Amino acid sequence: MITDPSPGAPPLTIRTARPDDWPALWRIVEPVVREGETYTYPTDLTSDEARDLWLAAPPARTVLAEAGGVVLGTARMGPNKPGHGDHVGTAAFMVAPAARGRGVARALAEHVIAWHRAEGYRGIQFNAVVETNTAAVRLWHSLGWRTVGIVPGAFRSPAHGDVGLHVMFRSVDT
């Protein structure tokens, strides 16, 4: 659950994103993409291109986290690979800058874990967690993901130069 110090703050709810949610989601996705520090997406991605990437079709799913009608974060989840790899899932997360550090990503991740478990996946693999995104790496480790490898220099960070990408895995069997 979201940890908001203000008394009477509205509860965080997570629900499936609808196409008409895209303007609110784009307000979260666009600054993350433009910054270029945590996703491999091109920084000049258009809203239409981003929508096509982020709003997932079944068997994948995109959700959003909102409180008081304000969208605070989003997650995309589904199979990591098709065919013989479709028993392992993957996910991606973005949180509005003003909502960071308030438990939104943790709540989304717990939702993603439960969804993968309910859908019969055996684990969740993150293919590309930028090593300089230390808050994310720390959060994923605290939720049971382990770094199974780092691809050196695989990400061109505008602020840090070439940095590694963590490949992370978490079982959902337990």
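**Figure 1. Helix 3 in the predicted model spans 21 Å from its first C-alpha to its last.** The helix has 15 residues, and its span is close to the 21 Å expected at 1.5 Å a residue. Its buried residues are Val104, Ala107, Leu108, Ala109, Val112, Ile113, Trp115 and His116. After helix 3 comes glycine 120, which has a positive phi, near 90°.

**Figure 2. Strand 2 and strand 3 form a hairpin.** Two residues lie between the strands, and glycine 68 in the turn has a positive phi of about 60°. Strand 2 covers residues 61-67 and strand 3 covers residues 70-79; the two pair in the antiparallel sense over seven bridges. Alanine 67 stands opposite valine 70 of strand 3. Glutamate 66 has valine 71, also in strand 3, as its bridge partner.

**Figure 3. Strand 3 also pairs with strand 4, running antiparallel to it.** Seven bridges join the two strands. In one of these pairings, methionine 77 has alanine 91 of strand 4 as its bridge partner. Seven of the ten residues of strand 3 are buried, so this strand is largely enclosed by the rest of the structure. In a regular strand, side chains alternate between the two faces of the sheet.

**Figure 4. Asparagine 80 sits in the loop between strand 3 and strand 4.** Is this asparagine 80 buried or exposed? Its relative accessible area is 13%, so asparagine 80 counts as buried, the cut-off being under 20%. Leaving aside residues up to four places away in sequence, asparagine 80 touches Val88, Gly89, Thr90, Gln125 and Asn127.

**Figure 5. Phenylalanine 93 and phenylalanine 126 form an edge-to-face aromatic pair.** A search of the whole structure finds nine aromatic pairs. In the pair shown here, the rings of phenylalanine 93 and phenylalanine 126 lie 6.0 Å apart, centre to centre, with 80° between the planes. The pair links distant parts of the chain: phenylalanine 93 belongs to strand 4 and phenylalanine 126 to strand 5, 33 residues apart. Both phenylalanine 93 and phenylalanine 126 are buried.

**Figure 6. Four aromatic residues are linked into a cluster by ring pairs.** The members are Phe93, Phe126, Trp140 and Trp145. Arginine 170 lies over the face of tryptophan 145, at 5.9 Å from the ring centre.

Notes. Residues are numbered from 1 along each chain as its sequence is written. This is a predicted model: local features need pLDDT of at least 70, side-chain atom pairs count only at pLDDT 80 or more; totals for chains, interfaces and linings use all residues. Side-chain values use heavy atoms; hydrogens and water are left out. Two strands pair if DSSP finds at least two bridges between them. Helices (H or I, at least four residues) and strands (E, at least two) are DSSP runs, numbered from the N terminus. The expected span of a helix is 1.5 Å times one less than its number of residues. Buried means under 20% relative accessible area, exposed over 50%, partly exposed in between (1.4 Å probe, protein chains only). Rings of Phe, Tyr and Trp (its six-membered ring) pair if their centres lie within 6.5 Å; planes under 30 degrees apart count as stacked, over 60 as edge-to-face and the rest as tilted. A charge sits over a ring if NZ of Lys or CZ of Arg is within 6 Å of the ring centre and within 35 degrees of the ring normal. Contact means heavy atoms within 4.5 Å.
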